[in-house]
Amino acid sequence: PPSTPAQWAAALGNRPVFNGVGELDNEWQPSVKSTHDALVDAGANSIYVEFTGQGHRPNNAFDETVLFAFWGTSF
């Protein structure tokens, strides 16, 4: 299986990738952003979103429409 950003970008072709993380999730945010940046640098169509006011687990204010908008326009 692909193990480097360049291999992932090649395997993905033009298919977009969604990288989302809560803006308050200090533990996961650096690695999600790093993954996004590496994929973009390798030529992948990666989208990065920080969910406002969200931590590691979504709360009742989580706006899931961002995900549905991505899925609705990406496939």
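Tutor: A helix here is a DSSP run of H or I with at least four residues, and helices are numbered from the N terminus. Histidine 36 is found in one of them, helix H2. The model is a predicted one.

Student: What makes residues 29-41 count as a helix?
Tutor: The cut-off is at least four residues in a DSSP run of H or I. H2 covers residues 29-41, so it is a helix under that rule.

Student: Which elements does the protein have, and what pattern do they follow?
Tutor: There are three helices and two strands. Along the sequence they give α-β-α-β-α.

Student: Why is histidine 36 called buried?
Tutor: Its relative accessible area is 10%. Buried means under 20%, so histidine 36 falls in that class.

Student: What does histidine 36 touch, not counting residues up to four places away in sequence?
Tutor: The residues are Asn19, Ser46, Ile47 and Tyr48.

Student: Where is serine 46, and why does it count as buried?
Tutor: Serine 46 sits in strand E2. Its relative accessibility is 11%; the limit is under 20%, so serine 46 is buried as well.

Student: What makes the approach of the serine 46 side chain to that of histidine 36 a polar contact?
Tutor: The two side chains are 2.8 Å apart at this contact. The definition asks for a pair of N or O atoms within 3.5 Å, one able to donate a hydrogen and the other to accept it, so the pair qualifies. The serine 46 side chain also makes a polar contact with the side chain of asparagine 19, likewise at 2.8 Å. Leaving aside neighbours within four places in sequence, the contacts of serine 46 include Val17, Leu39 and Val40.

Student: How do you know that E1 and E2 pair, and in which sense?
Tutor: At least two bridges are required. Strand E1 (residues 17-22) and strand E2 (residues 46-51) have six, so they pair. The sense is parallel. In one of these bridges, valine 17 has serine 46 in E2 as its partner.

Student: What makes aspartate 37 and lysine 33 a salt bridge?
Tutor: Their side chains meet at 2.8 Å, N to O. The rule sets a limit of 4 Å between a side-chain nitrogen of Lys or Arg and a carboxyl oxygen of Asp or Glu, so this pair is a salt bridge. The count for the protein comes to one. Both residues lie in H2, four residues apart, about one turn of the helix.

Student: Why are aspartate 37 and lysine 33 placed in an intermediate accessibility class?
Tutor: Aspartate 37 has a relative accessible area of 32% and lysine 33 one of 33%.

Student: What class does glutamate 64 belong to, and where is it found?
Tutor: Glutamate 64 is in the loop between E2 and helix H3 (65-74). Its relative accessible area is 36%; that lies between the two cut-offs, so glutamate 64 is partly exposed.

Student: How many of the 75 residues count as buried?
Tutor: The share is 28%. The protein exposes about 5100 Å², with carbon and sulfur atoms supplying 55% of it.

Definitions and conventions:
Residues numbered from 1 in each chain as written. Predicted model: local features only at pLDDT ≥ 70, side-chain atom pairs only at ≥ 80, totals over all residues. Heavy atoms only, no water. Right-handed = clockwise from strand over helix to strand, strands pointing away. Buried < 20%, exposed > 50% of the residue type's maximum accessible area, 1.4 Å probe, protein only. Areas by Shrake-Rupley, 256 points an atom, 1.4 Å probe, with all protein chains shown as cover. Contact = heavy atoms within 4.5 Å.
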